[in-house]
Amino acid sequence: MPTNFYRHFLLLCSCTASCLLGACAYMHANAPRSSDMPPAINLNGIMVGTANRLALYTYDGDTTNQSNCLDSCTATWLPFYASEHDVNRGDFSVFTRQDGRKQWSLAGKPLYFWASETQAEEDSKQVTDARWKVFRVPR
């Protein structure tokens, strides 16, 4: 009798393990790819980078999908670079800068991080140059 019990117990364990592995494989296959995720999200009305949660800024001197923040400007205003493999996602576009690197834009506005902002969700009111604005989501 104990032998039958152990056989059934092992069969039950192997069936349970098979079901769990199948469920994990299904979840992994249907999980969103990082390339499907937006590069930025709305956090309390301000667009922030998905990875670092730092506020994103736009520059009045830029034109649609063209950055005019070049050379020394990029020491203070860090372009929100895209990888070579990134593609447009919804209102987010990837464009090529004059230096040949890829940069993200939102609704045609090139996006930047402020080098002085080092903590996520930091107050952006310290920016004194009126040409630079935090990207706010209209309510």
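**Aromatic pairs, disulfide and sheet in the predicted model**

Eight aromatic pairs are counted in the structure, which is a predicted model. A pair of aromatic rings is described by the distance of the centres and the angle of the planes. In the pair of tyrosine 57 and tryptophan 77, the ring centres are 5.2 Å apart and the planes meet at 65 degrees, so the arrangement is edge-to-face; the cut-off for this class is an angle over 60 degrees. Tyrosine 57 belongs to strand 3 (residues 57–59) and tryptophan 77 to strand 4 (residues 77–79), so the contact ties together parts that are 20 residues apart in sequence. Tyrosine 57 and tryptophan 77 are both buried.

Tryptophan 77 also forms an aromatic pair with tryptophan 132. Here the rings are stacked, with 4.1 Å from centre to centre and 5 degrees between the planes. This pair links distant parts of the chain, since tryptophan 77 is in strand 4 and tryptophan 132 is in strand 9 (residues 132–134), 55 residues apart. The relative accessible area of tryptophan 77 is 7%, so this residue is buried. Tryptophan 132 likewise counts as buried, at 6% relative accessibility. One aromatic cluster is formed by Tyr57, Tyr59, Trp77, Tyr112, Trp114 and Trp132.

A charged side chain is also placed over an aromatic ring: arginine 101 lies over the face of tyrosine 81, at 3.5 Å from the ring centre.

The structure contains one disulfide, which joins cysteine 69 to cysteine 73 with an S to S distance of 2.0 Å. The torsion about the S-S bond of cysteine 69 and cysteine 73 is about -105 degrees, so the disulfide is left-handed. The two cysteines fall into separate accessibility classes. Cysteine 69 has a relative accessible area of 0% and is therefore buried, whereas cysteine 73, at 22% relative accessibility, counts as partly exposed. The limit for a buried residue is under 20%.

Three strands form an open sheet in the order 5-6-7, with antiparallel pairing. Strand 5 (92–96) and strand 7 (109–110) stand at the edges and each has a single partner strand, so one side of each is left without a neighbour in the sheet. Strands of a sheet pair through backbone hydrogen bonds, either parallel or antiparallel. Strand 5 and strand 6 (residues 102–106) run antiparallel and are joined by five bridges. Valine 94 has tryptophan 104 as its bridge partner in strand 6.

Terms used: Residues numbered from 1 in each chain as written. Predicted model: local features only at pLDDT ≥ 70, side-chain atom pairs only at ≥ 80, totals over all residues. Heavy atoms only, no water. Phe/Tyr/Trp six-rings, centres within 6.5 Å; stacked < 30°, edge-to-face > 60°. Helix = DSSP H or I, 4+ residues; strand = E, 2+ residues; numbered from the N terminus. Buried < 20%, exposed > 50% of the residue type's maximum accessible area, 1.4 Å probe, protein only. Lys NZ or Arg CZ within 6 Å of the ring centre and 35° of its normal. Disulfide = S-S within 2.5 Å. Pairing = 2+ DSSP bridges.
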